[in-house]
Amino acid sequence: DLISKGYSLADISSLLRSPEAVVSVLIESLIKFDRKLNISKLVARDKTEKIIALLKEGFTELKELKEQLPKDFSYAEIRIVKAKFETTSDFFNKGL
C-alpha cells in the first residue's frame, strides 16, 4: 500500500524501521505477484534505464551489476529494477 501511495524506498524503509536491503527483498516478492506494481517512485528513471541497459547486455547477478554501475546505485535499487525487468519484459511501454 505504501508503494501505491507513492512513498520512496527510503520513506518505506524508515516507516518500517528496516534497512532498504530488507525492504527491497519484500518489494521484489511483491513485484513477482503484482506485475503492474509501479516502481517509478522507488528508483529514479535514469537509474532504472542504466540498470536495464546492463540487464539487456546480459549482466544478471546483483554483484556484477553493482560493479558496472556508479557507486550511488544501491543493491536495493538494482534488486527492484531487476525483479521488475524479469517479470515484465516490456514494462517501459506500460509504465514503470
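User: What counts as an aromatic pair, and how many does the structure hold?
Analyst: Rings of Phe, Tyr and Trp (its six-membered ring) pair if their centres lie within 6.5 Å, with planes under 30 degrees apart called stacked, over 60 edge-to-face and the rest tilted. This is a predicted model, where local features need pLDDT of at least 70, side-chain atom pairs count only at pLDDT 80 or more, and totals for chains, interfaces and linings use all residues. Side-chain values use heavy atoms, leaving out hydrogens and water, and the number of aromatic pairs is 0.

User: Which residue lies over the face of phenylalanine 73?
Analyst: A charge sits over a ring if NZ of Lys or CZ of Arg is within 6 Å of the ring centre and within 35 degrees of the ring normal. Over tyrosine 75, at 5.8 Å from the ring centre, that's lysine 66. For phenylalanine 73, at 5.2 Å from the ring centre, it's lysine 47.

User: How many helices does the chain have?
Analyst: Helices (H or I, at least four residues) and strands (E, at least two) are DSSP runs, numbered from the N terminus. Along the sequence you get α-α-α-α-α-α. With 0 strands, the helix count is 6.

User: Is tyrosine 7 buried, partly exposed or exposed?
Analyst: Tyrosine 7 sits in the segment before α1. Buried means under 20% relative accessible area, exposed over 50%, and partly exposed in between (1.4 Å probe, protein chains only). Tyrosine 7 has 31%, so call it partly exposed.

User: What share of the 96 residues is buried?
Analyst: The C-alpha atoms fill a box of roughly 35 × 30 × 20 Å along the principal axes. Of the 96 residues in that chain, the buried share is 36%.

Technical notes:
Residues numbered from 1 in each chain as written.
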